[in-house]
Amino acid sequence: MLKADPAKAPNKTLKPEKSPTVKKSRFLTPLARKILAINMLTLAIPVAGLLYQGVYKDQLIQQELEALRTQGEIFSGALGEAAITRLNTGQEILNLVPARHIIHRLSVPGRVHARLFLNDGKLAADSERLGGINQIVEVEDLPEHDSTAEQILEPLLEMMENLTEITSRHDLPLYQNNAIPVASDFPEAQNALRGGITGVVRQKSNGNLVLSVAFPVQRYYQIAGALMLSKGGAKIDAAMREIRLNLLILSGLAFVLTISLSLYLAASIVSPIQRLAHAAERIRENVGRQDDIIPDFTSRRDAIGELSGVLREMTDALRKRLSAIESFAADVSHEIKNPLTSLRSAVETLSFAKDEEQKKKLLKIIEDDVTRLDRLITDISDASRLDAELSRTDATPVNMAEMLDTLVDMHNTMAEDRNRPQIHLDCLGNGPFMIQGIEGRLVQVFRNLFGNAETFSPDNGRISVRLENVEKQIMITVEDEGPGIPENKLDAIFDRFYSERPEGEAFGKHSGLGLAISKQIIDAHHGRIYAENRHNPDGSPKGARFIIKLPMGN
């Protein structure tokens, strides 16, 4: 099936749109800010670490309570074995002298505060009291000396501590240490007098933690008192402070690294894109200037390098297209001036002619010039629309054998009664003869070739068309029996407005654009068209041969 040529679209006047101007370079472009913002999300990990500190602190508290429980079991076991005395009545009671020695001796290595309560709730021994109950010895840990870095980071450490308290345990009972405490002041001690073991976490007025665990002191299931071990949260605070300091240092390093990598990434992406945009804008404002070129980033071997290569190719194609348009406009102007000059001269002469025979000759010249102008304008219009159509139309599978067979059949049917040359088609091989192309424009090419061959062939002559597969290409050969082509014009015949017609042909019938348009169509299909002469064995001209090669398609 042959597809009809698309109808000529009506001319429309388009107002040129003002292209957006590329903004000047800024330190942080929108794309750079996006890259920076996305990379900054990685800092959410240290933030999550801040929230995890509360859980970590609770785990440390539980570990300290377990350590106190282990110490308390040792304390209470030692008191049960060495500090309980059996009376003559068989009653077992605490012997306060060895009990106090045991408490003082065992509390020092563990750095715990040990208190012993009797069954009546009174305080019997205290590791922080020497001798009697009223002799109090305050034991305080000396504050550790902070490094200069820690002193500088102190405000941040305090802020992190406040964040930790949000996710850690809160509403802790207040720790109260009376001058002479009794068991009723501590619920865990009361529970120990009843045989239970309880751990409690309290908070001092200054915010420091106090951990306590109470155990029953007994022998053979008979409770003689309650032992309560207490320990401050200095170890927990020191561990948490170290965690916060390390986390703060790591966060700072991560922040600096993230900023640096983001700026590097932004520079390696944004800067080349900006250079490409500025170059494209300069080319838009100074179209055709050879000194404005697209920067070459093809060595990057990435998307930006690919973009650079495509833009460079597009710019080169645009310059070539502009040069071709300028050349085409010059050729059109020259070709139109010739008939117009002749037409003007004939019209001016006509007004002075008095001889009827001379007037007829002048009118004939005017008619021929008008015919030539009409033919020129028609072919120029078709040539000017060709580029746009070839770029807009999608290629489809075309069966060259079927297309040529239809064209040959149509030509031979019309030539039977007019003594015109017949066309003979030979398909060498079984095919397939498929290409990807625009069938309507390919039909135009072969109509031009058949028309040329018919023009230069004698009446009842023979035009041979051969179709074959050659090295993954479809090759079509069109041969005529005409006088051939001058050897020095084998390439020039494809130039615009070149016309070498046989004698006797009507003036203005051809514009000289047929073969130029055919070459343009074949080039757009990534093919090749060229001409050569045929010769007899004695070297005399036998005709012309046009050869077309097109890449095979599916």
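Residues are termed buried under 20% relative accessible area, exposed over 50% and partly exposed in between (1.4 Å probe, protein chains only). The model is predicted: local features need pLDDT of at least 70, side-chain atom pairs count only at pLDDT 80 or more, and totals for chains, interfaces and linings use all residues. Residues are numbered from 1 along each chain as its sequence is written, and side-chain values use heavy atoms, without hydrogens and water.

The protein has 12 helices and 14 strands, assigned as DSSP runs (helices H or I, at least four residues; strands E, at least two) and numbered from the N terminus. Of its 554 residues, 37% are buried.

A nonpolar core is a set of buried Ala, Val, Leu, Ile, Met, Phe, Trp, Tyr and Cys residues joined through side-chain atoms within 4.5 Å. The largest has 45 residues. Met 400, Phe 446, Leu 449, Phe 450, Ile 476, Phe 546 and Ile 548 touch the most other members. Helix α11 (residues 439–456) gives the most to this core, with seven residues. A second, separate core of 29 residues includes Leu 68, Leu 94, Ala 124 and Met 240.

Contacts are defined by heavy atoms within 4.5 Å. Beyond its neighbours within four places in sequence, Met 400 contacts Phe 433, Ile 435, Leu 442, Phe 446, Leu 467, Ile 474, Ile 476 and Leu 550. Among contacts between residues at least 6 apart in sequence, 67% join residues at least 24 apart.

In soluble globular proteins, nonpolar side chains tend to be buried together. Leu 250 is exposed, with a relative accessible area of 54%. Leu 250 lies in helix α7 (residues 234–285).
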